[in-house]
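Here are my notes on this one, as numbered points. Have the coordinates open while you read.

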Amino acid sequence: MMKLIGMLDSPYVRRTAISLKYMGISFEHKPLSVFSNFSEFQSINPVVKAPTLVFESGEVLMDSTIILHYAESAVPASRRLMPHLGEEFRVALQIVGLALASAEKAVQLVYEKNLRPEEKQHQPWIDRVSLQLKAACNALEEKLHASDFEIQPAALTQPFITSAVVWQFIQSMLADLIPANEFPRLQMLSDYAETLPEFLAFPPDGPGVVAPNSNAT
Ligand SMILES: N[C@@H](CCC(=O)N[C@@H](CS)C(=O)NCC(=O)O)C(=O)O
């Protein structure tokens, strides 16, 4: 069976696990941390990036977008999570792009704050990344508002899975900077998504996760 390596406090790992489950792809989840399990992770993928997908053949894929791109090609059209054509596809790509940019900026801030000693933190960089994070969240909120998305199980496709997972991550790590009440659409989506079996099966505080604000991803 394929193995998905990485901890669920990573929004990239979590969106991949939830999406694979939605697509009906069987896999074993191995919650290794890129920090506290560095050597074990390195023996599986020398680049030590989470998520990593390991095939039975031993072949390795990394990067959530690449893994999900592969997964989309491995299931029948009815189980795919991305629309394939036209306007719907373009809007889906825009939403996923904004959600991933929000995740990237949030992770950069968490790494800057948790991995660097305080005296080595660089305020201009923190300011820049904070501004980019806010811009991405604002644009994502607007895009969700403008899209026809209705909150119901059938609508939980890739753009909304990724938005919900990323929003939960941002709220758990950076709620002071990005207050939930300023983003009602994202908060509503996240509240709903977190009640679904596929989300509950892969909780952000799942196996191996130490505590919020730790650097365990
Ligand atoms: N673009 C990548 C980002 C993945 C990523 O940055 N994962 C973090 C964990 S949240 C990681 O591997 N960090 C260790 C490192 O970058 O050295 C994806 O979509 O999978």
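This is a predicted model: local features need pLDDT of at least 70, side-chain atom pairs count only at pLDDT 80 or more; totals for chains, interfaces and linings use all residues.

1. Residues are numbered from 1 along each chain as its sequence is written, and side-chain values use heavy atoms, with hydrogens and water left out.

2. Back to the ligand. Around it sit Ser10, Tyr12, Val34, Val48, Lys49, Ala50, Pro51, Asp63, Ser64 and Tyr111 (a residue is listed if one of its heavy atoms lies within 4 Å). Asp63 has a side-chain N or O atom 3.0 Å from a nitrogen atom of the ligand. Ala50 uses its backbone instead: an N or O atom there lies 2.8 Å from a ligand nitrogen.

3. Check the backbone here too. Ala50 and Pro51 are joined by a cis peptide bond, with omega about 5 degrees. Pro51 belongs to the loop between helix 2 (38–44) and strand 3 (52–54) (helices are DSSP runs of H or I, at least four residues, and strands runs of E, at least two, numbered from the N terminus). Val48 is in the loop between helix 2 and strand 3, and its phi is positive, about 55 degrees, although it is not a glycine.

4. Now the helix packing. Helix 4 (residues 86–115) and helix 6 (residues 158–174) pack at about 20 degrees, axes 9 Å apart (axes are lines fitted to C-alpha atoms, for helices over the stretch in contact; angles run from 0 to 180 degrees between N-to-C directions). The two helices are therefore roughly parallel to each other (that label covers angles under 35 degrees). By class, their contact has 17 nonpolar, 4 polar and no charged residues (Ala, Val, Leu, Ile, Met, Phe, Trp, Tyr, Cys and Pro count as nonpolar, Asp, Glu, Lys and Arg as charged, the others, Gly among them, as polar; contact means heavy atoms within 4.5 Å).

5. Helix 1 (residues 11–22) also packs on helix 6, at about 145 degrees with axes 9 Å apart. This contact divides into 7 nonpolar, 4 polar and 2 charged residues.

How values were computed: Angles under 35 degrees count as roughly parallel, over 145 as roughly antiparallel, 65 to 115 as roughly perpendicular and the rest as oblique. A polar contact is a pair of N or O atoms within 3.5 Å; within protein, one must be able to donate a hydrogen and the other to accept it, and residues adjacent in sequence count only if both atoms are side-chain atoms.
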